[in-house]
Amino acid sequence: MRSSGRNNRDSGRGDHRGAGGGTPRPKAGGKRDDKQRSGRPRPEERRYDVGGSGGPGGSSDRKDERGGAKSGGPKSSGPKSSGSRGAAARGGAKGGPRTGAASKGSGPGGKGGPKGGPQRGRGQVPARPREYDAQVEERNRARHNKPQVKTPKTFGDQEGERLQKVLARAGMGSRRACEELIDQARVEVNGQVVMEQGVRVDPEKDEIKVDGLTVATQSYLFFALNKPAGVVSTMEDPDGRQCLGDYVTNRETRLFHVGRLDTETEGIILLTNHGELAHRLTHPRYGVKKTYLAAIQGPLPRDLGKQLKDGIQLEDGYARADHFRVVENTGKNYLVEVTLHEGRKHIVRRMLAEAGFPVERLVRTSFGPIPLGDQKSGWLRRMTNTEVGMLMREVEL
């Protein structure tokens, strides 16, 4: 009994190793027999498809295991049959060299490319030739190096600037606020009221007014200085004394003073580079009024104001005041206000001295419509557009 059992085991082992290849008898509980019963090759013997849908145990592997008749290999059902390995290695007789186990699974869905050509896996981009890259670069350069097309004058920039932009630059407010001024019919250009937006003007030639006041749109400068006592009313002094030019030395454009003030007289004096405006402000024809505060000693007669208004005889003719009033009185100290439109030298001092009241201190508090206000002594400020417009209206500019 024992000998027959050994012979049976030996015969079974011989059948398994034989190339004839029937299905071996299964052995209970053996891992090797379970793998042989499955009819699949070992993992190291399997051929996976790179580009196709077949993976381990997929459709491409099953096709390779069967060994198709088209590939020309002999059919075999054994796990190590030469047909399955030959079909994977050689490819078919019809096709050329193939990469991977499945010649038909290189593309999506397991379909191969053209016959006879090398197959590529999915995700690999074919390299572009250098000639093609050179052509692309030449086209890009040609597109960016095109000559500029000259548009007709109809589509170009129009002459002048928009009115609201000019007004905003002149300090009349934001562009939106200047547009509201135009909508309210408060802006005039060359004497005509502007009723629509977008009107273009030339700020160097056109006369622009807001509420009847001329807007200084040109590159003119207007300053008001509270001149201290002891400062000479000149832009330069050959004797080295302090002068008006010392307050505007950092200005690029040349400024000049409008009229004069005595060296010991304080108060407002205007500086500008607008020659015509300065000339008219000092010309007797336009009669621009100036107001002064004078400190004198009393007592004052009641008819002092009447004497000054009727005229005081001076060396160079009569001088008349336009207005006179007593501002303050403390004992014998009087502070009086004198307004006149003349601009002769030392005119206020000479008039009061001729009336019998020498001036101890003199301050000019206004020049035309421009008041001194609370501006400190020695301070220079830039005049507003409204003030410039009032000055121009004063002299009919």
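In the predicted model, Glu266 is buried, with a relative accessible area of 14%; buried here denotes under 20% relative accessible area, exposed over 50% and partly exposed the range in between, with a 1.4 Å probe and protein chains only. Glu266 lies in strand 9, which spans residues 266-272, where strands (E, at least two residues) and helices (H or I, at least four) are DSSP runs numbered from the N terminus. The side chain of Glu266 makes a polar contact with the side chain of Arg361 at 3.0 Å. Such a contact is a pair of N or O atoms within 3.5 Å, of which, within protein, one must be able to donate a hydrogen and the other to accept it, and residues adjacent in sequence count only if both atoms are side-chain atoms. When residues up to four places away in sequence are not counted, Glu266 touches Lys227, Pro228, Ala229, Leu261, Arg361, Leu362, Val363 and Arg364, contact meaning heavy atoms within 4.5 Å.

The search of the whole structure finds two cavities of 30 Å³ or more, a cavity being a set of points, on a 1 Å grid over the protein atoms alone, where a 1.4 Å probe fits but cannot get out, with lining residues having an atom within 4 Å of a point. The second largest cavity has a volume of about 30 Å³, and its lining includes Phe222, Val258, Leu270, Leu271, Thr272 and Met383. Strand 9 gives the most to this lining, with three residues, while strand 9 and helix 8 (275-282) each supply at least two. The lining residues divide into eight nonpolar, one polar and no charged.

Leu304, in helix 9 (residues 304-310), is buried as well, with a relative accessible area of 1%. Leu304 touches Phe324, Ala355 and Phe357, residues up to four places away in sequence not being counted, and its C-alpha atom is separated by 9.3 Å from that of Leu352, 48 residues apart along the chain.

Over the protein chain, which has eleven helices and 17 strands, 35% of the 397 residues count as buried. Residues 24 or more positions apart account for 58% of the contacts with a separation of 6 or more.

Residues are numbered from 1 along each chain as its sequence is written, and side-chain values use heavy atoms, with hydrogens and water left out. Because this is a predicted model, local features need pLDDT of at least 70 and side-chain atom pairs count only at pLDDT 80 or more, whereas totals for chains, interfaces and linings use all residues.

How values were computed
1 Å grid on protein atoms, 1.4 Å probe; cavity = no way out; pocket = protein on both sides within 12 Å on 5 of 7 lines; lining within 4 Å. Points joined across faces, edges and corners; volume = space filled by probe spheres on them. Nonpolar A, V, L, I, M, F, W, Y, C, P; charged D, E, K, R; others polar.
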